Amino acid sequence: MYLKYNWQHPDWPNFTYQSDRLSKAINEYIQISSNLQGQVSQLEQNNKSEAYIYLMVEEAINTSKIEGENLNREEVRSSVARYLDLDLSQPKGIFHKENGIASLLIDVRSNFANNLSKEMICDWHKLLLTGQEEYCGKRDIKVGEYRDGSVDIVSGHGDYEEVVFEGPPGEIVEAEMAAFVEWYNTTSPLNADEDVVYIPGPVRSAVAHMWFTSIHPFNDGNGRIARAISEHALFQDFDIPPLFSISTPINENRDGYYKKLAESSRINPSVDLSEWVKWFVEITKQAQVDSKNKIDFILKKSIFWDHHKNTDLNKRQHKVVNKFFEFGESGLIKNGINSERYQNMTGCSPATATRDLKDMVGKGIIAPSVSGGRSMRYYIKLIDSKPVFNIFPRGNDKKMLEISLKKISDDIQRNIDFFQVPNAKLNKLVSKYKEFADSDETHLERLNEQLAQLDDGNLTP
């Protein structure tokens, strides 16, 4: 039979990949994630809450952009904050898409410690499309239900439309999804079983993404649900949902994303996912590096306001300074503002704008550009400080290494207290600890003292 799509392959869905090509990237991922988790745990609560909101907003904006949808960033932020009970204000309009993706991301993070189920996946689909009944009706989309008909992925417009992928027939979607969910839960670190080979989080996330998108169980929203499942898979390696947005680097590499998906699913339909998994693992690393940079920015904002806590600003000035920080380093931080922009943001007169801006320059809040006249722009003056985060334990950075080892040690102790016997999850934690300890006798001695609590000494190294 001529193979057109991966789900038609005789070995479907027994996906394979070359694990020996992934070890370096996965080890780097583990180092980054462990250090980042340890560093995040030291954030003050207000900075931690802001970091969670910031990165969920980034995930919402970017996972939607991948599908060609541009959301209202301010309303996404408000929706996320309301779901976290950090903002009691009411929306100023109707924002179904913004509210839907925000509620989906919150629910994914709330359920990271639970197994996946058909009910959970369908609930996520409902959350995503709630309030969009007119749109769903026109496209015959069954909200919160698997499709029972065919589905085509089309490229181009009008007379130039081309079907680039066709999902499995509707009558087998239920069975295909049941097999996917069973695999997902069997391989979950929540259900550690010595008979099941451990799959590193980034690899399991990559396979889950490809498998789900290949089934394409819904008439719409499959990409966003697939990325939500990918995050859910990554989160299950942690005690609390980590701080990163996987869709941010995917959106920045959108062409590569679609190319890699296409190569495995339709161009060269195969169950060998080596190239896709390798690409995806690199994306998970980049997501954490990106997260580190965003948390650094949040701390810059905290340092700025701490430095200016006694600086007297009027409501207009305070509003504009907050706008500088609202959209990260790629917004006003990078581009600055001019007098006209200040007037538009505050509704004040040209004379008042000139007076306010001059006052802010005098107080060290902003600095004017070198060029004057009509091209004059003003930039926020961030406070110089030493880098807070260094995500790799290199050189003499012993403090960061101690933080990482302390977190892993705490995880080991919780495991021992709960299970009282050796288990697959404990084996994984011990291996991670030894990798970070790097043959240091002091650290290894602490580990042996912990393991001595076990009655059974047959722990796999």
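Biologist: How far is the sulfur of Cys-122 from the closest cysteine sulfur, and in which residue is that?

Modeller: The closest one is in Cys-136, 14 Å away, which is too far for a bond. A disulfide here means two cysteine sulfur atoms within 2.5 Å. This is a predicted model, where local features need pLDDT of at least 70 and side-chain atom pairs count only at pLDDT 80 or more, while totals for chains, interfaces and linings use all residues. Residues are numbered from 1 along each chain as its sequence is written, and side-chain values use heavy atoms, without hydrogens and water.

Biologist: Is Cys-122 buried or exposed?

Modeller: Cys-122 is buried, at 7% relative accessible area. Cys-136 is buried too, at 3%. The cut-offs are under 20% for buried and over 50% for exposed, with partly exposed in between (1.4 Å probe, protein chains only).

Biologist: Pockets now. How much space lies in the largest pocket?

Modeller: About 1,100 Å³, counted as the space filled by probe spheres set on the grid points, which are joined across faces, edges and corners. A pocket is an open set of points on a 1 Å grid over the protein atoms alone, where a 1.4 Å probe fits, with protein on both sides within 12 Å along at least five of seven lines; lining residues have an atom within 4 Å of a point.

Biologist: Which residues lie nearest its centre?

Modeller: Glu-67, Ile-153, Val-154, His-216 and Tyr-258, out of 34 lining residues.
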